Amino acid sequence: GHDHVDVAATHLNTGEVYRHQGKFSEALAKYKEAQRIYVKAYGHDHVHVATTQYNMANVHVIMMNTEEARRLFWRCAEVYEQVYGAQHSNTVNAQIKACVVSPFGLVVVVVLALIIVVSLYFIIIVTYSLLSWFGGRVCSWARLGVDWPAEL
């Protein structure tokens, strides 16, 4: 029937297709229908319900509905922890995403991105400087017919 868990899986998969197509409202509608069926069949604390909510949270992040995304990620993390344990990758991933979509988490992500960019810039400048220095030495030695120094 219409409330069979296989139908819920179809809704979930259709929601994924819509999400990848950028049709976020349609994706959320399919996820909500899958969630309704899974809750009816298994209850609120089931992995299928949590996975559906995880997918919904990802769409909410894209749509900049960060409060709803954070709430759903935390809910997923709670269920995943009950089922899989605190150290499981699904649990940890949901917890990290819940933290990242928080206002403080976004600040941390931006600061880390800036640190990475500055570090890469520094590495590029140092590498270019070293290559220029060595390149100039190699070219001048080659013009003079001098072999590469053994100490380098």
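This is a predicted model: local features need pLDDT of at least 70, side-chain atom pairs count only at pLDDT 80 or more; totals for chains, interfaces and linings use all residues.

How close do the axes of α2 and α3 come, and at what angle do they cross?

Modeller: Of its 152 residues, 26% are buried. Among contacts with a separation of 6 or more, 48% join residues 24 or more positions apart.

Now to your pair. The axes of α2 and α3 come within 9 Å and cross at roughly 160°. Angles over 145 degrees count as roughly antiparallel, and the two helices therefore fall in that class. The crossing in which α2 passes α3 is left-handed. On the α2 side, the residues that meet α3 are Phe24, Ala27, Leu28, Tyr31, Lys32, Ala34, Gln35, Tyr38, Val39 and Tyr42. Their counterparts in α3 are His48, Val49, Thr52, Gln53, Asn55, Met56, Val59, His60 and Ile62. By class, this contact of α2 with α3 holds twelve nonpolar, six polar and one charged residue.

Next, α3 itself, which covers residues 47-62. Its 16 residues should span 22 Å at 1.5 Å a residue, and the 23 Å between its end C-alpha atoms agrees with that. Twelve of these 16 residues are buried, so α3 is largely enclosed by the rest of the structure. The buried ones are Val47, Val49, Ala50, Thr52, Gln53, Tyr54, Asn55, Met56, Ala57, Asn58, Val59 and His60. What do they pack against? Their partners are α1 (5-21), α2 (24-42), α4 (66-84) and α5 (89-100).

Leaving aside neighbours within four places in sequence, Gln53 is in contact with Gln35, Leu72, Arg75 and Cys76. Gln35 is one of the α2 residues listed above at the contact with α3. Tyr31 is 22 residues from Gln53 in sequence, yet the two C-alpha atoms are 7.7 Å apart in space.

Follow the chain just past the end of α3 and you reach Met64, in the loop between α3 and α4. Met64 has a positive phi of about 65° although it is not a glycine. Most residues other than glycine have a negative phi.

Finally, α2 has another partner to consider, α1. The axes of α1 and α2 come within 8 Å and cross at roughly 160°. That makes α1 roughly antiparallel to α2, and α1 passes α2 in a left-handed crossing. From α1 the contact draws on residues including Val5, Ala8, Leu12 and Tyr18, and from α2 on residues including Phe24, Ala27, Tyr31 and Tyr38. By class, the contact of α1 with α2 has 14 nonpolar, three polar and five charged residues.

Note on methods
Residues are numbered from 1 along each chain as its sequence is written. Side-chain values use heavy atoms; hydrogens and water are left out. Helices (H or I, at least four residues) and strands (E, at least two) are DSSP runs, numbered from the N terminus. Contact means heavy atoms within 4.5 Å. The expected span of a helix is 1.5 Å times one less than its number of residues. Buried means under 20% relative accessible area, exposed over 50%, partly exposed in between (1.4 Å probe, protein chains only). Axes are lines fitted to C-alpha atoms, for helices over the stretch in contact, and angles run from 0 to 180 degrees between N-to-C directions. Angles under 35 degrees count as roughly parallel, over 145 as roughly antiparallel, 65 to 115 as roughly perpendicular and the rest as oblique. A crossing is left-handed if the near helix is turned anticlockwise from the far one by less than a right angle, and right-handed if clockwise. Ala, Val, Leu, Ile, Met, Phe, Trp, Tyr, Cys and Pro count as nonpolar, Asp, Glu, Lys and Arg as charged, and the others, Gly among them, as polar.
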